[in-house]
Amino acid sequence: MTGRARLTFAKASALAVGLALFAVGCASNAPQDTLKPAGPQAKQIDTLAMPVFYIAIFVGIAVMVMTVLVARKFRKRKDDTGDEFPAQVHGNFKAEIAWTIAPAVLLACVAVPTVFTVFDLAKKPAADALTVEVYGQQWWWEYRYNFDVDGDGKVDQIITANDLVVPTNRPIALRIMSRDVIHSWWAPALNGKKDAVPGRVHPLTIEAPEAKEYIGQCTEFCGLSHAEMRIKVVGMEPADFQAWAEKQIVPFQAPTGESAVAGWSTFASQCTSCHRITGMTDPSDPDSGKLFEYPPVVNQVSGEVPNLTKLMTRTTFAGAKFDLRLDTPECKALGENWASEPEGIKTCFNREQFEAWLRNAPAEKAMHPGEAPSPESRGMNNFNLTEDQIDDLVAFFITLQ
Amino acid sequence: MTAIDGPLALGAGDEVKTRPGGVFARPSSSTTGWRSWVTTVDHKKIGIMYGAAALFFFLIGGIEALLIRLQLATPNGKLLSADLYNQVYTMHGTTMIFLVVMPIGAAFMNYLMPLQIGARDVAFPRMNALSFWVFLFGGVVLNSSWLLGGGADGGWFNYAPNNGVIFSPSHGIDFWNMGLLLTGISSLVGAVNLITTVLNMRAPGMTLMKMPVFTWMSLVTQFLLLFAIPVLTAAQFLLMFDRLFGAQFFNVEQGADPLLWEHLFWIFGHPEVYIMILPAFGVISEIIPVFARKPIFGYPFMVFSGIAIGFMGWGVWAHHMFASGVGPISVAAFSVSTMFIAVPTGVKILNWLATMWGGKLTFSAPMMYSIGLVTMFTIGGLSGVTHAVAPADTQQTDTYYIVAHFHYVLFGGALFGFVGGWYFWWPKVFGYALGERTGKINFWILLIGFNLTFGPMHILGLQGMPRRTYTYRDGYGFNLWNFVSTVGAFTIAVSFLIFFWNIYASYRKAKKAAGGKGKKLTMPADPWDARSLEWMIPSPTPVHNFDVTPTVQSLDEFWHRKYGEDEAGRLVRIAATEDVVQKGDATDVHLPSPSYYPIVLAFGLPWITWGLIYNLWFCAFGAVFVLAGIYGWIMEPSTDPSDGHSHEDDHDDDPSGDEASAADDADEPSGDAAPTEEAALVD
């Protein structure tokens, strides 16, 4: 093949590949696909971005085609008998001004809707928005709700982790914060990302259009397990959300069953230097109903670890690295109440992985807990639990519904 | 030197014994071998050393890239742990930016700028050598981390507070900090040097608007370095004091705002990317006209768009921070400013195409790489325009879409341009040409491998794959394109193996043709029928550059000495190339003398950095070399003993000799040249 033909072929095939890539790019199973916006904010971004993509693709193709055409047309031919030199053109002031001004005008046209969208997306959410505090820390997300769930006039607090449960078709006003380093909260189907910066509060509004799961992950490098700080937004119909919230504030119920009771004691002795279960009574004095007194959390740089209240109403654990509820279609169909279904724990509980986590957490997820818990710990330690202790703990956790 | 009277006069009959400098004597300029490289102050040797060092670091950064791609070829990769991956990707980015792309730019700028302006060397030759050695030692310090507990692991932009000791307790980030403080010194010293050179040492008649485009782009780059590096240095000092001496600049509990680091870093970081690309823009602005057989289209627009990019580059930094919580007013302002910086860049692309339009194009290896830059940079630039739309960027930032963008502009842009520059100037520098056919094969494999590696990353990013993640899950749609990307990365590796083989094989071939071992390699001065002054002297470049400093009358001065225009405005030859090209045989040219002290001074600096990290006694050790270096630098005589041009030699009290030509190098003492040579110094 001659050099010219090769050049053309290569450019054309690069182009074709590029287009094919882009077309195929809309894969079917891509839960974090930014090109399939679901929520209204993500859709607004998409409405702005898509024309710009098309303009960019058009300009790109135009430049490629022009390059190929110029390369073909003006190639020095072997049989060239004309002048050795082409016309020694030094420039063309008018043309250069034109191709300075034209792109500037085009960009100005893009700038106007861009600025409008920036301010529109940043506006304060509607009055009926549900506010949720989002805390990022190495390497998991905490969510706190403060609203009157049961209508008794008092604000209730729900502290949960990993799964962000929200009512559908209602603006959710996220207040994004960090307890240690910079993280970034991102659920692509719902909105662009927003950084979680320690010492600051960053607002972000999302809205789940349907009762389904919207997946995301941390998108600002935050250390070892940055890749495993997953986000799951769970949309629920308003009635279901209300039921979920009411369930979250049901007071702690002491477990029955020998293993679960033993696990409760193990939890209190091994885990409560960091973990919390809201309203947990003291296993050493179960009948009195005395609340367990938690020691302050000193052995964690961020000062908090996941709150385990109603753990079994979640679908993930360990910073959402692992599924708590197996990720099969049948289990997903059980929703957030999977554990209270008769077959739920039996068929959908990711018992093996959960036990592995209790057995040796640092081996399951890259963390920095140190040899033993200390104020420099970041993540969960290996507590060298016995298999019996693990079985008991699992039995106890299963009761947290 | 006039005779001294009075008490200091020598007694009659006493001879002046010349031993310039005594213990501080400079190395002889006739040294050969490795010693001549270690003590050189010759901008050409320094340029070659920058290039060689950059290629070495390119291998390291390339291996780091291949490790990344191997880890990410499949979901749940097990090759690298999270910790090791974080080190590898951080070091890959840091190495490629600071130890590869910037030094390759420095290689070209150091070698070519003095030649293109008709000078014999730069304004401060010893500082030039210092820049190189400090850079090299900075690269050594950064990479010493691998042997001393692990590489830096906070990402190349190393945000606070993750970059602090609480969250990054290992020394990796300290090495990042120290290594880059040293390379920063190198760049800053170099900027002062090259700016002074261009502003003061141009050949007679070379006004600024008669300088080649490459020199202009390099000048803008130096100004960017001059103002950007100190900002990074300031941020790094704050970090150093936090990490090593208990300061609280980035401690949130003490009231710090982590965004301070982001702002400081990106005020440096954005001009930094123009620092990386502008020299490559300059390179192809030299190549394309030569192989199109017509001048660069719109020289004034090319110059002013470069200046505009340099200037506007200061006003866009927070486009790296659209998701960082700076608030809608900042976001909107930076979104708009970022869109407009696309305008001067677009002008360049169109001007290059217009240069090719109506030309008689030869697709030599340098030309193909240059066209590669034009097309690949366009793709990268267009994805950049999509980032400028801030709301869209909140979906794109920190994903592989961004990784795709910057690799298209840095690799497809800067590196393609630089490889083209190597093919173009190799004959001038080394006296032999790289094989053309191999060069073209090299190009195609690189083009294919490059697009296979980074093209799919656009898709991965838009499908939501974040960057800086050591692994990804199955079932997210990331599998296929990650695998393709890995295949592409190894294709790139193959293309560079071909490049290195080309260097070796072409050298062997040329040596054989010259008559074997010991024979010097030479080539025609002007193998490409080129346009600028460096082609007017022999290949390889004589050590003294120009026999006589040319007087410049136009842009593309060399071209216009070969070709004039007839009445119809067509180009006609007015002189044979051999008659225009200088012979390179001037023997009595005074050049800046070699010196030990740049490397002596530079040698102390890494010890100071290791000392700051480990034990202050190392600082004392390093300080000895730094102080010795400075002292020796001040005290050494201005010339070396074998130079023959020292103040004490064959003096001529001719006062007119004091008015040496402004184009001569700064070190030349007055009045040592015979009058006839004075006249011949300017042509």
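Q: At which relative accessibility does A:R144 count as buried?
A: This model is predicted: local features need pLDDT of at least 70, side-chain atom pairs count only at pLDDT 80 or more, and totals for chains, interfaces and linings use all residues. Residues are numbered from 1 along each chain as its sequence is written, chains are lettered from A and ligands numbered from 1 in the order in which they are written, and side-chain values use heavy atoms, leaving out hydrogens and water. Buried means under 20% relative accessible area, exposed over 50%, and partly exposed in between (1.4 Å probe, protein chains only). A:R144 counts as buried because its relative accessibility is 14%.

Q: Which residue meets the side chain of A:R144 in a salt bridge?
A: A salt bridge is a side-chain nitrogen of Lys or Arg within 4 Å of a carboxyl oxygen of Asp or Glu. For A:R144 the N to O distance is 2.6 Å. The partner is A:E142.

Q: How many residues apart in sequence are the parts that the pair A:R325 and A:E213 ties together?
A: The side chains of A:R325 and A:E213 meet in a salt bridge of 2.8 Å, N to O. A:R325 lies in the loop between strand 12 (322-323) and helix 6 (329-332) of chain A, and A:E213 lies in strand 9 of chain A, so the pair ties together parts of the chain. Helices (H or I, at least four residues) and strands (E, at least two) are DSSP runs, numbered from the N terminus. The separation of the two parts in sequence, in residues, is 112.

Q: In which order do the three strands of the open sheet in chain A stand?
A: Two strands pair if DSSP finds at least two bridges between them. The pairing in this sheet is mixed. Its edge strands, each pairing on one side only, are strand 4 (163-167) and strand 9 (213-217) of chain A. The order is 4-10-9.

Q: What angle does the direction of helix 4 of chain A make with that of strand 4 of chain A?
A: Axes are lines fitted to C-alpha atoms, for helices over the stretch in contact, and angles run from 0 to 180 degrees between N-to-C directions. Helix 4 (residues 238-248) of chain A packs on the sheet and touches strand 4 and strand 10 of chain A. The angle between helix 4 and strand 4 of chain A is about 130°.

Q: Which residue in strand 10 of chain A is the bridge partner of A:Y214?
A: Strand 9 and strand 10 (residues 230-236) of chain A pair in the antiparallel sense over five bridges. The bridge partner of A:Y214 is A:V233.

Q: How many bridges join strand 1 of chain A to strand 5 of chain A?
A: Strand 5 (residues 172-178) of chain A is mostly covered, with six of its seven residues buried. Strand 1 (residues 130-137) and strand 5 of chain A run parallel, and A:Y135 stands opposite A:M177 in strand 5. The number of bridges joining strand 1 to strand 5 is seven.

Q: Which residue in strand 8 of chain A is the bridge partner of A:I176?
A: Strand 5 and strand 8 (residues 202-206) of chain A run antiparallel and are joined by five bridges. In strand 8, the bridge partner of A:I176 is A:H202.

Q: Against which helix do the buried residues of helix 5 of chain A pack?
A: Helix 5 (residues 258-270) of chain A has 13 residues and reaches 18 Å from its first C-alpha to its last. Among its buried residues are A:W264 and A:F267. The buried residues of helix 5 pack against a helix of chain A at residues 387-398, which is helix 10.

Q: About how much area do chain A and chain B bury between them?
A: Contact means heavy atoms within 4.5 Å, and 99 residues of chain A are in contact with 102 residues of chain B. Buried area is the accessible area (1.4 Å probe) that two parts lose on being put together, summed over both. Carbon and sulfur atoms account for 70% of it. The total is about 8,400 Å².

Q: Which residue of chain B forms a salt bridge with A:R200?
A: The count between chain A and chain B is two salt bridges. In the one formed by A:R200, the closest N and O atoms are 2.6 Å apart. Its partner is B:D257.

Q: Which residue forms a salt bridge with B:K44?
A: B:K44 counts as buried because its relative accessible area is 5%. The closest N and O atoms of the pair are 3.1 Å apart. The partner of B:K44 is B:D42.

Key
Expected span 1.5 Å × (residues − 1).
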